[in-house]
Amino acid sequence: MRPLLNRQNYFLFWILSLTFLLIQATHVNAAPPEIKTISVVMDDSYPPYAFRDSQGNLQGITLDQWKLFEQKTGIKVTITGMNWNKAYESMINGEFDVIDTISYNADRAKIFDYSNPYATIDVPIFFHKSISGITDVKSLKGFTVAVKKGDNSIHFLKENGITNIEEYDTAEAIVQAAKDQKAVIFTIGKPPALYYLYKSGIQDNFNYSSSSLYTSQFFRAIYKGHSGFMPAINNGFAQISESEYEAIDKKWFGLTNIPFYEHPLFRVSVIVVGTVFLVALLLFIWNRTLRRMVQQKTNELRSALRTKEQVEAEIRELNAELENRVIERTSQLEDLNSELEESNALLEEEIVKRENVEEEIRALNEELEDKIRMRTSQLDQLNRILAQHNALLSESQRVARLGSYVTDLITREWQCSPALEEILGIDPIYPHTKEGWMRIVHPDWRAPLSNYFLQIKNAQQRFDFEYKIIRINDGEERWVHELGKVEFDQQVNRVRLIGMIQDVTDRKRTEEEIIYLSFHDQLTGLYNRRFFEEELKRLDVVRNYPLTLVMADVNGLKLINDSFGHAIGDELLKNVALVLRKGCRGDDIIARLGGDEFVILLPNTDAAQTEQILKRINTLASQERVGSIELSISFGYETKRYEKEDIRELLKKAEDYMYKRKLFEGPSIRGKTIETIIRTLHEKNKREEQHSYRVSALCQSMGEALGLLEGEVQELKNVGLLHDIGKIAIDEEILNKPGKLTHEEWEEIKRHPEIGYRILSTVNGMVEIAEYVLAHHERWDGLGYPRGLKGEELPLQPRIIAIADAYDAMTSARSYRAALPNKAAIAELQKNAGIQFDPELVTLFIDKVINASSDDIL
């Protein structure tokens, strides 16, 4: 009996081991991480690793890697993007756990612990095409080199004797300076440099050195003393496979197609199918083992019964023999008195033997009963385990929305699991016939399904088909994926169809949404550039001639974005899209190429018809407003009439024509927008309106006191009126805050000179005024902002505005203080003469403007 028990325990051990491994495999990643959340800060202007899209959302390679890290580890990751210098200072101040997109140098290594590197960046020298001889760092001597604040290149340049360095907040700001011809040589990472050069359209104006200035690597770093984060970071990113890293790189460096076998849904499907297969295999092994064990126990019981019967027969024979001997001894009793003692001894010995045999029989019966009870208990336990596995299989099918069925191909009747009944929306009493099944199949899919099934039956292939059903209980349309096979008898006749059906509606809807997004612009809902390129090829055939291509550009969008924010700009683009839809015909193709550019394809449309369509669009546009902002669109078009004409050349001509129209229409729109900006600023802050007029009057008085020409005085007066126009983009709550501003709020306020410069510099004739507005918060001692100009570096006009602005601010009431007396304001001006203000102009302002005004009152 012992070998049998060992074999049973052996099979039980392996079955339980397989079950344990399966459970462990499905829960291997379920252990909760020790670190629950990580806050990350990074440079938000370093494409393609980290940069913002047109809506201001942070995106790029590093963002996708962190998202995958979050999925792999379960650690919640909060990512913040800002300019590099501010990100570095924030990390030094302990505001974040991790800083990303950081390169290595010895000074930083004293402060931070570094992770494994994940990117290698070449840093060449970029120089204007008019400059020659720039090959390495030695050739930079004598030139001013533009760099990003806090960048590792500053340390490298200074080590090589280059000290004439001009720092900018972001890589985009450096390229903008290059576009404005304020920087002719700069050095930043090659990827962001090329990205912003192409974005600004000046890629042909700049070359870069054939050899890199230096090569750096990107790391993730934590502040020394917080070492607990580094193992979690390194281990988390180590869980990301090479193929997953390659997929992210391909996405941002050009290729975005992910092989189907790397798709998450495919992997989930493989896991689910594998799990079901393993459970089914375990159940099959378990069933076979139970059968063998039951058979084995039955054989043991039969053997024990035979043994018992044999023992009982021996006992009966022994009893018979004993009786014969008793009779024999009794008959001889009288004659064998002399042998009485021996006979008695023999009789006692036989009695003892009988008792021993009976004791052995009792022991054997007890052992047999114990074994029967033990085997019965084992069978009960195995039945319970089998029931649990059946329940687990049913629950797995329900979770995976996967059900099974068996169809008798002779009677056409079918049976299915409860999970499949739930998918089909039926109950057990629903007719499980061919007709009942066809009622479930969507009418559009009944014929294709029947044809496919007939084809599979004839070819003796497996069944694999996706189609639509209509659930019986609620009438909802769902997509299902059916897998099955046909079974044959010994005469190769089809007898049964066995298969599984999975509800794949969510996947199909996701696929449809992806297809929609791949051909549509997310903001406006119009077609995107990809769809336009395909349609242009499709429509460029003789039957569509004359084929007209219309290029459209929204006037003043950048000015509106700078002034009112991208949310208003996006709303403007949506209204433009709506106007284009209303103005065009149903078959016309309208697409957004990007930014403020749109294109319209008009098949079978000549120039006269095109003019009518554009006239209708312009009429609709004139009736639309976004707040107080008018819609203005510049159009240009060309018509293809002959097959030999190059459609791309015609598209280029339409674009050129559109830009010519934009040259005439743009300035007037920008002028109207400037008026709208001033009006909006004064409407949301009456105090700013009164302040602007008072500063304007003070500037006029200063111009007259200096003896400037009439035109110069008028210009100075206009500058005083417009000096705070950049506050249009500052939050109204900050402008009207009664208490002291926080550091962040003060940094926001300090942006208004640059915003005002961007607004005014777009308008013809206001370039110089824009420069004065940009500099009106500079100081005589060079500690002002935004550029830190000093002394005579400042033009006369912003020096005058600074004095007039400060004087009016002191002598006007504020929500947090009363107006200062005239004497106190004058004393403050004199105290800061030669520090904040031009000393000579302060003296002139007090003598010729303030005192003269007081004399007039007296």
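Which residue just after helix 5 takes a positive phi? Gly161 does, at about 85°. The model is predicted: local features need pLDDT of at least 70, side-chain atom pairs count only at pLDDT 80 or more, and totals for chains, interfaces and linings use all residues. Residues are numbered from 1 along each chain as its sequence is written, and side-chain values use heavy atoms, with hydrogens and water left out.

The secondary structure of the protein comprises 29 helices and 25 strands. Both are DSSP runs numbered from the N terminus (helices: H or I, at least four residues; strands: E, at least two). Of the 858 residues, 41% count as buried. Buried means under 20% relative accessible area, exposed over 50%, and partly exposed in between (1.4 Å probe, protein chains only). The protein exposes about 47,400 Å². Carbon and sulfur atoms supply 52% of that area. Accessible areas come from the Shrake-Rupley method with a 1.4 Å probe; for residues, only the protein chains shown count as cover. Among contacts (heavy atoms within 4.5 Å) with a separation of 6 or more, 64% link residues 24 or more positions apart.

Helix 5 spans residues 152–159. Its buried residues are Asn152, Ser153, Ile154 and Leu157. Their cover includes helix 4 (106–109) and strand 10 (145–148). Strand 11 (165–168) and strand 14 (214–223) are also among the covering elements.

Strand 22 (residues 597–602) is mostly covered, with six of its six residues buried. Glu597, Val599 and Leu601 point one way; Phe598, Ile600 and Leu602 point the other way. Arg592 has Phe598 as its bridge partner. Two residues lie between the strands of the hairpin formed by strand 21 and strand 22. In this hairpin, Gly595 takes a positive phi near 60°.

Phe277 lies in helix 10 (residues 264–331). Phe277 counts as exposed because its relative accessibility is 55%.

Technical notes:
Pairing = 2+ DSSP bridges.
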